[in-house]
Amino acid sequence: MAKFDEYESLPTSNSTTHMIAGSMAGILEHCVMFPIDSVKTRLQSLVSANRSFRSVLVTMIRNEGVFRPLRGIGATVAGAGPAHALYFAAYEQLKVDFTSTGSAHHNYLAQGAAASAATVLHDGIMTPAEVVKQRLQMYNSPFRSMTECALKVYQTEGFSAFYRSYGTQLAMNVPFQCVHFIVYEAMQNATNPERTYNPLGHVVSGGVSGALAAAVTTPLDVCKTLLNTQEAEVLHRAQKTQISGFFNAATMVYRLGGFGGFYQGLQARLLFQVPSTAICWSVYEFFKYFLTKTD
């Protein structure tokens, strides 16, 4: 078997390699981009309308401290490691299982189906972590730690609060990941047809696929943020004790922000997703290559 075949077509027994590479990719991706993610969460808040990325970041650091953009990073690390390990291992295996003939690298239907199934598994782990993370990121958050936030949410809102946005998360992430993986695979087919380890190619393919996927799914991300954060000021303006379900969230976004409300934080989302997916794929492909080479 050629060297690039060993790298790109790991056997099922090497799913551990995909899990280790995926875990490292998820943790590094989210840690490096976390400050931008914190700004994105603030910008998607219906309370923070018509503010720029720069103004939110500068105000956050000036008024709340230089480390404020990193609050909630522990929840992300706790969720991203296992979520991405399962996510990449499932995707790599399923895209092959869903391909009856030919190469899985050129079967975009199989890639989309595999990405959808892997996303369901990934979000089952990541959604509770997102709830804790985003509540810690919000302005005037009453929580000081991941543990305090998780316990308080559970005590006051019940276990279901951790999965309140799960449906919306899937509605956003399934199309996001379908576009993401299909565009990435297509770009690799065009720029790296032999599927060798190509750091620049992985970075460019990852960045482009992330940008397209992010642009398509930003309105759903805004709804997810509203469901996760349950901001007191928004609930007060809406005269509600809580907002549940995608339809109610979308209605509230439109009521308080108009059509433009669905694209709050778009710039920050693109600033986050383009380097984020570039980092994710380059780290994943590096560890997959490294672990395969040393097997």
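User: What makes Tyr87, Phe88, Tyr91, Phe181, Tyr184, Trp281 and Tyr284 one aromatic cluster?

Analyst: Happy to start there. Those residues form one cluster of aromatic rings, where rings of Phe, Tyr and Trp (its six-membered ring) pair if their centres lie within 6.5 Å. The structure holds 17 aromatic pairs. One caution: this is a predicted model, in which local features need pLDDT of at least 70 and side-chain atom pairs count only at pLDDT 80 or more, while totals for chains, interfaces and linings use all residues. Residues are numbered from 1 along each chain as its sequence is written, and side-chain values use heavy atoms, with hydrogens and water left out.

User: Why is the pair of tyrosine 87 and phenylalanine 181 called edge-to-face?

Analyst: Planes under 30 degrees apart count as stacked, over 60 as edge-to-face and the rest as tilted. For tyrosine 87 and phenylalanine 181 the planes are at 65° and the centres 5.5 Å apart, so the pair is edge-to-face. Tyrosine 87 sits in helix H4 (residues 73–97) and phenylalanine 181 in helix H7 (residues 166–191), 94 residues apart. Helices here are DSSP runs (H or I, at least four residues), numbered from the N terminus.

User: How do you know whether tyrosine 87 is buried or exposed?

Analyst: Buried means under 20% relative accessible area, exposed over 50% and partly exposed in between (1.4 Å probe, protein chains only). Tyrosine 87 has 4%, so this residue is buried. Phenylalanine 181, at 0%, counts as buried too.

User: And what is the case for lysine 224, buried or exposed?

Analyst: Lysine 224, in helix H8, has a relative accessible area of 4%, so it is buried. Leaving aside neighbours within four places in sequence, lysine 224 is in contact (heavy atoms within 4.5 Å) with Glu130, Gln134, Ser165, Thr168, Gln169 and Met172.

User: What makes H2 roughly perpendicular to H8?

Analyst: Helix H2 (residues 15–44) and helix H8 (residues 199–229) pack at about 85°, with axes 9 Å apart. Axes are lines fitted to C-alpha atoms, for helices over the stretch in contact, and angles run from 0 to 180 degrees between N-to-C directions. Under 35 degrees counts as roughly parallel, over 145 as roughly antiparallel, 65 to 115 as roughly perpendicular and the rest as oblique. H2 is therefore roughly perpendicular to H8. Lys40, Thr41 and Gln44 in H2 meet Asp221, Val222 and Thr225 in H8.

Methods: Helix = DSSP H or I, 4+ residues; strand = E, 2+ residues; numbered from the N terminus.
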